[in-house]
Amino acid sequence: MKSNGYYTSGQFAKMAHITIRTVRYYDKVNILKPSYVSESGIRYYTDEDFAKLQQILLLKYLGFSLDDIRNMTIGDSDYGRLKNSLNLQLKLVKDRIEQMQHVASAIEETTEAIDTEKEIDWTQMLNLIHLTNMENTLKTQYENSSNISARINLHTLYSTNKLGWFPWVYEQCPIKAGAKILEIGCGSGALWKENFDKLPNDINIFLNDISEGMLRDTRRELTKYSGSDNDEEVLHADNNITFDFHAFDCSNIPYDDESFDIVIANHVLFYCDDIDEVLSEVRRVLKGGGTFICSTYGAAHMKEITELVNKFNRSIILSADKLYERFGLDNGMSLLAPYFSKIKRKIYDDELIVDEAEPLIEYIISCHGNQNQYLLDRYKDFRSFVEKKTKKGFHITKYAGIFTCTK
């Protein structure tokens, strides 16, 4: 008999209002394993397991397959990370609500056309088909949001530089009252959320990301400050600050020449297919004397994490692409030189000292490589491995910084 805090399969199933058969099936397909199995084969679950089960049931209710769910869930070991996970799921629920509202509108317009014109509007029908096939987009958005959150979380918890990356980047930006600013690849909008109280009056900030879902999340977050419900713009009336949101490929920026005082690209350029085309577009939309701020990292950045996973399994590759070779701290100056007259490089002085396993594991799971093929089925073994490595503090090198460019 286990002590308090452990539940048998039957107790666990009853708590969640599901069958024991379902609990056993989740164990069989490696979606939710018990925390402890007795010598006699009795399976026991914990409150942490129950939190993960609730996450699984919600994602299943939202229509995701068990294969999808296996790749979208990892145990949350404390309330902070559980809250973060729930917030990500809340975003997914809101997106599904918006999707269903669009589907309802398309159905209403189609039936109305049949009533009035006695024929089917095939354009509306195609739109309806498109709207009902958005699951992959929602899944990708959820995973991207989760991955970004996991990466930021590791730095927030364990960086020795207490200023933080986004406040430091903001300090390098010459933002003044009346400025017009473009951020390409804004992601979660963390640069603005973390520095909102520092923004001067009368500025207009244009936020871009290639992902409409990511922009929708960012708009929701920034809307909390203002109460605005405008889909295209968030206005903060007290200080006359506006945020505009537009999804586009930054190799073709849809703004007039010399439109912006500042353009920002935070860890973006190395993802671009044609960096020269992007830099040409950035220079075009910058005003004379305007500033381009772009961040990146070098080869030594976070190298200890790669070494860690390779000690566990040499087959793991966290990233097939060495992004710093495309645009990094060591070659960025030469890539920027044809487009800007003055270029300065500044390194962010920081390192990580990690003394807990879970945030580091979440970071590793969030990477773009093949790690999930080897880690998800051996999650508890890997967690035990990382716990030993972090027990006395695990040192991680950071080698990141920015280029400040003047047109």
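**Helix contacts and cysteines**

Mentor: Let us begin with a pair of helices: I305, L308 and V309 of α12 touch L360, Y363 and I364 of α15. By class, that contact has 6 nonpolar, no polar and no charged residues. Keep in mind that this is a predicted model.

Trainee: What makes α12 and α15 roughly perpendicular to each other?

Mentor: Helix α12 (residues 303–312) and helix α15 (residues 357–365) pack at about 90 degrees, with axes 12 Å apart. Angles of 65 to 115 degrees count as roughly perpendicular, so α12 and α15 are described that way.

Trainee: Which residues make the contact of α1 with α3?

Mentor: F12, M15 and A16 come from α1, while D49, F50, L53 and L57 come from α3. By class, there are 6 nonpolar, no polar and 1 charged residues.

Trainee: How do you know that C272 is in no disulfide?

Mentor: A disulfide needs cysteine sulfur atoms within 2.5 Å, and the nearest one to C272, that of C250, is 3.8 Å away. The count for the model is 0 disulfides.

Trainee: What makes C272 count as buried?

Mentor: Buried means under 20% relative accessible area; C272 has 9%, so C272 qualifies. C173, at 8%, is buried too.

Methods
Residues are numbered from 1 along each chain as its sequence is written. This is a predicted model: local features need pLDDT of at least 70, side-chain atom pairs count only at pLDDT 80 or more; totals for chains, interfaces and linings use all residues. Side-chain values use heavy atoms; hydrogens and water are left out. Contact means heavy atoms within 4.5 Å. Helices (H or I, at least four residues) and strands (E, at least two) are DSSP runs, numbered from the N terminus. Ala, Val, Leu, Ile, Met, Phe, Trp, Tyr, Cys and Pro count as nonpolar, Asp, Glu, Lys and Arg as charged, and the others, Gly among them, as polar. Axes are lines fitted to C-alpha atoms, for helices over the stretch in contact, and angles run from 0 to 180 degrees between N-to-C directions. Angles under 35 degrees count as roughly parallel, over 145 as roughly antiparallel, 65 to 115 as roughly perpendicular and the rest as oblique. Buried means under 20% relative accessible area, exposed over 50%, partly exposed in between (1.4 Å probe, protein chains only).
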